[in-house]
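User: Hello! I am new to this structure and would like to get to know it step by step. Could you take my questions in turn?

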Amino acid sequence: MLIVMHPDATEDQIKAVLDAITALGLKPHPMPGANRTAIGITGNAGPIDPGNFDYLPGVAEAIRVTKPFKLVSRDLKHEDSVIKVGDAAIGGLDLAIIAGPCAVETRDQTMEIAELVYSCGVKFFRGGAFKPRTSPYSFQGLGLEGLKILDEVRSRFGMKIVTEVLDNESVDLVEEYADVMQIGARNMQNFSLLKRVGQARKPVMLKRGMSATLDELLLAAEYIMAEGNYNVVLCERGVRTFADHTRNTMDLSIVPAVQALSHLPIIVDPSHGTGRRDKVIPLARASVAVGANGVMVEVHTHPERALSDGPQALLPDMFRQMMAEITAIYRVIAEARPSPRE
Ligand code: PEP
Ligand code: MN
């Protein structure tokens, strides 16, 4: 059920609807939009009778939601969501660039890469302190020590920190150090972790699972939002196919597909999407051209020594080149667009 309030509904009228929803033992999710507030309802086992609400003052319509997802849907919020991260944002008019190493390996390695990406205008620094590795014998990340290094990057450069949270036990710790908590592809359907970060206050970047459909991705985001955390960014990072010329197959068509159904921002990760550094720049260009709200890439000053994902890390000159190219593409598209998407 979705309740659409009149554009001139008062705060008191909105509150009365929220109270009526709560009184039925359900959970209201108010979403203020540019013209009117819509209120999503979750917690119901079966259909809800619109007659419970459509007589209340200020209510324009009570609509049954037929799609499997509610809170992520454009039916609930027509305008694109902009996820604010301090004085930066993902979504809206700016192209968000998230860059950094796959993993925080040492303080020196991290600072060197941070200096490089910062000098290119990057606002979001990435780096894993907890790494999901296929083999238990591979480097698992520095844990707390890695988070402390990321904290130093934030203090020194002012970049926002995007870092992965692997399990429920470490959500509190990661939330303390991260500006955006990343849920990796392998955890996209870890429903207890999704609910747990849904109770957290920091924004969440949700990566598409390796074989996840569009609906599965949106429903995973729905898990987070249903708990009350509406600050979710989606990320396409490639899916498994028979193709073996790249590590994964980037599915750029999911970007307009998400944008048609959902108000959430979506970014693209061509590093994991291709797995090979020579393919990252072309796919980063394509990601911007297809309309993504941002790009996330891995960068390393000495990829031959990297403890994870060295083959896909951009070298410094390549990163500078990518930034110049995608900024130019973004500008051309923004100038040609008839009116802002926001
Ligand atoms: C990552 O971004 O570091 C990562 C592990 O990505 P994914 O979950 O997409 O494999
Ligand atoms: Mn990686």
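This is a predicted model: local features need pLDDT of at least 70, side-chain atom pairs count only at pLDDT 80 or more; totals for chains, interfaces and linings use all residues.

User: Is Asn187 buried or exposed?

Analyst: Residues are numbered from 1 along each chain as its sequence is written, chains are lettered from A and ligands numbered from 1 in the order in which they are written, and side-chain values use heavy atoms, with hydrogens and water left out. Buried means under 20% relative accessible area, exposed over 50%, and partly exposed in between, using a 1.4 Å probe and protein chains only. Asn187 has 11% relative accessibility, so Asn187 counts as buried.

User: Where is Asn187 found, and which residues does Asn187 touch, not counting residues up to four places away in sequence?

Analyst: Asn187 is in the loop between strand 10 (180-183) and helix 5 (191-198). Helices (H or I, at least four residues) and strands (E, at least two) are DSSP runs, numbered from the N terminus. A contact means heavy atoms within 4.5 Å. Not counting residues up to four places away in sequence, Asn187 touches Val165, Leu166, Leu193 and Leu194.

User: How many helices and strands does the protein have?

Analyst: Buried residues make up 53% of the 342 residues in the protein. As for the elements themselves, the protein has ten helices and 14 strands.

User: What is the radius of gyration of the protein, and what would a compact globule with 342 residues have?

Analyst: The C-alpha trace spans about 65 × 45 × 45 Å along the principal axes of the protein. The radius of gyration is taken over C-alpha atoms, and the globule rule is 2.2 Å times the number of residues to the power 0.38. With 342 residues, that rule puts a compact globule near 20 Å, which agrees with the protein's 21 Å.

User: Which residues are the protein donors of the manganese ion (ligand 2)?

Analyst: Donors are N, O and S atoms within 2.8 Å of the metal (3.2 Å for Na, K and Ca); water is not among the atoms, so sites may look incomplete. The protein donors here lie 2.0 to 2.4 Å from the manganese ion. They are Cys102 (SG), His272 (NE2), Glu298 (OE) and Asp309 (OD).

User: How are these donor residues of the manganese ion (ligand 2) spaced in sequence, and how many residues apart are Cys102 and His272?

Analyst: The spacing of the donor residues is C-x169-H-x25-E-x10-D. Cys102 sits in the loop between strand 7 (96-100) and helix 2 (107-119), while His272 belongs to helix 8 (residues 270-274). This pair links distant parts of the chain, with Cys102 and His272 lying 170 residues apart.

User: Why do Cys102 and His272 count as buried?

Analyst: Both answers rest on relative accessible area. Cys102 is buried because its relative accessibility is 5%. His272 is buried because its relative accessible area is 8%.

User: What is the phi of Asp309?

Analyst: Asp309 is found in the loop between strand 14 (294-298) and helix 10, and counts as buried at 18% relative accessibility. Most residues other than glycine have a negative phi. Although Asp309 is not a glycine, its phi is positive, at about 55 degrees.

User: Which residues does Thr110 touch, not counting residues up to four places away in sequence?

Analyst: Thr110 lies in helix 2. At 0% relative accessibility, Thr110 counts as buried. Not counting residues up to four places away in sequence, Thr110 touches Val104, Glu105, Phe125, Ile149 and Val153.

User: What separates the C-alpha atoms of Pro50 and Ala62?

Analyst: Pro50 is in the loop between strand 3 (37-42) and strand 4 (59-63). Leaving aside neighbours within four places in sequence, Pro50 is in contact with Met1, Ala62 and Arg64. Pro50 and Ala62 are twelve residues apart along the chain, and their C-alpha atoms are separated by 5.4 Å.

User: Is Thr66 buried or exposed?

Analyst: Thr66 has its place in the loop between strand 4 and strand 5 (83-85). From C-alpha to C-alpha, Thr66 and Met1 are 8.8 Å apart in space, and 65 residues apart in sequence. With a relative accessible area of 78%, Thr66 is exposed.
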